[in-house]
Amino acid sequence: MLQADIDCNQYQTDIYLYVNDDGSWELADFVNVGGNSYLNDTHITVWSDKEHLENWMDWYNTLQEVSDMLQSFDWVMSVDDLKQPTANWLNQFQNPISPDDLFVPDDIHLTDVWEWMETEAKEDSGMQEMLEDLKAAYVENLKDSYADYLERAESELLDALEVSEE
């Protein structure tokens, strides 16, 4: 479950429980890309991770949060340091009729910054490292909730066994 939240897969994944004749058991992942299929065998569906419509970037709600997290990794990136280069990057694709048509920092939103950072990271190892640090903070936040994931997994397993017995 934790790994599913880290990966943010854009397809459904089911967790199947197989109970062997000797009473031992094993879990298996079944990638269910369309959400319409299943394996026709003697499994018990323990849990389904529905397709994720978000990714790790959605954990950040504001440019200030991104800036603060980058600064915690010793990157010197204020909100303005994120907005200005993003505006410059967007303007390189513009064919403005007048200077009023150009992007300025006040026009820039978080989604614009993500797009700029992802594009730059393809050729700039520093930008790639910045994105890796931001994702690492997201993953660390999820791992801090490991006990909650264990509790939820145990509950899902017990519920699946109870339903199976019925």
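Reader: How does Ala136 count, as buried, partly exposed or exposed?

Author: This is a predicted model, in which local features need pLDDT of at least 70 and side-chain atom pairs count only at pLDDT 80 or more, while totals for chains, interfaces and linings use all residues. Residues are numbered from 1 along each chain as its sequence is written, and side-chain values use heavy atoms, with hydrogens and water left out. Buried means under 20% relative accessible area, exposed means over 50%, and partly exposed lies in between (1.4 Å probe, protein chains only). Ala136 has a relative accessibility of 37%, so it counts as partly exposed.

Reader: Which element holds Ala136, and how far is its C-alpha atom from that of Trp56?

Author: Helices (H or I, at least four residues) and strands (E, at least two) are DSSP runs, numbered from the N terminus. By that count Ala136 belongs to helix H5, which covers residues 125-143. Ala136 and Trp56 are 80 residues apart along the chain, and the separation of their C-alpha atoms is 9.4 Å.

Reader: What separates the C-alpha atoms of Ala136 and Trp75, and which residues does Trp75 contact beyond its neighbours within four places in sequence?

Author: Trp75 sits in the loop between H2 and H3, and although 61 residues along the chain lie between its position and that of Ala136, the two C-alpha atoms are separated by 14 Å. Contact means heavy atoms within 4.5 Å. Leaving aside neighbours within four places in sequence, the residues in contact with Trp75 are Leu70, Gly126, Glu129, Met130 and Asp133.

Reader: How many elements does the protein have, and in what order do they run?

Author: The protein contains six helices and three strands. Read from the N terminus on, their order is α-β-β-β-α-α-α-α-α.

Reader: What share of the 166 residues is buried?

Author: The protein exposes about 10900 Å², of which carbon and sulfur atoms supply 47%; accessible areas come from the Shrake-Rupley method with a 1.4 Å probe, and for residues only the protein chains shown count as cover. Of the 166 residues, the buried share is 34%.

Reader: How many aromatic pairs does the whole structure hold, and how far apart are the ring centres of Tyr16 and Phe30?

Author: Rings of Phe, Tyr and Trp (its six-membered ring) pair if their centres lie within 6.5 Å, and planes under 30 degrees apart count as stacked, over 60 as edge-to-face and the rest as tilted. A search of the whole structure finds eight such pairs. Tyr16 and Phe30 form a stacked pair, with 15° between the planes and a centre-to-centre distance of 5.5 Å.

Reader: Why does the pair of Tyr16 and Phe30 tie together separate parts of the chain, and how many residues apart are they in sequence?

Author: Tyr16 is buried, with a relative accessible area of 1%, and Phe30 also counts as buried, at 14% relative accessibility. Because Tyr16 lies in strand S1 and Phe30 in strand S2, the pair ties together parts whose separation in sequence is 14 residues.

Reader: What phi does Cys8 have, and what phi does Asp74 have?

Author: Most residues other than glycine have a negative phi. Neither is a glycine, yet phi is positive at both: for Cys8 it is about 50°, and for Asp74 it is near 70°.

Reader: Which residues does Asn91 contact beyond its neighbours within four places in sequence?

Author: Asn91 is part of helix H3 and counts as buried, at 16% relative accessibility. With its neighbours within four places in sequence left aside, Asn91 is in contact with Leu102 and Phe103.
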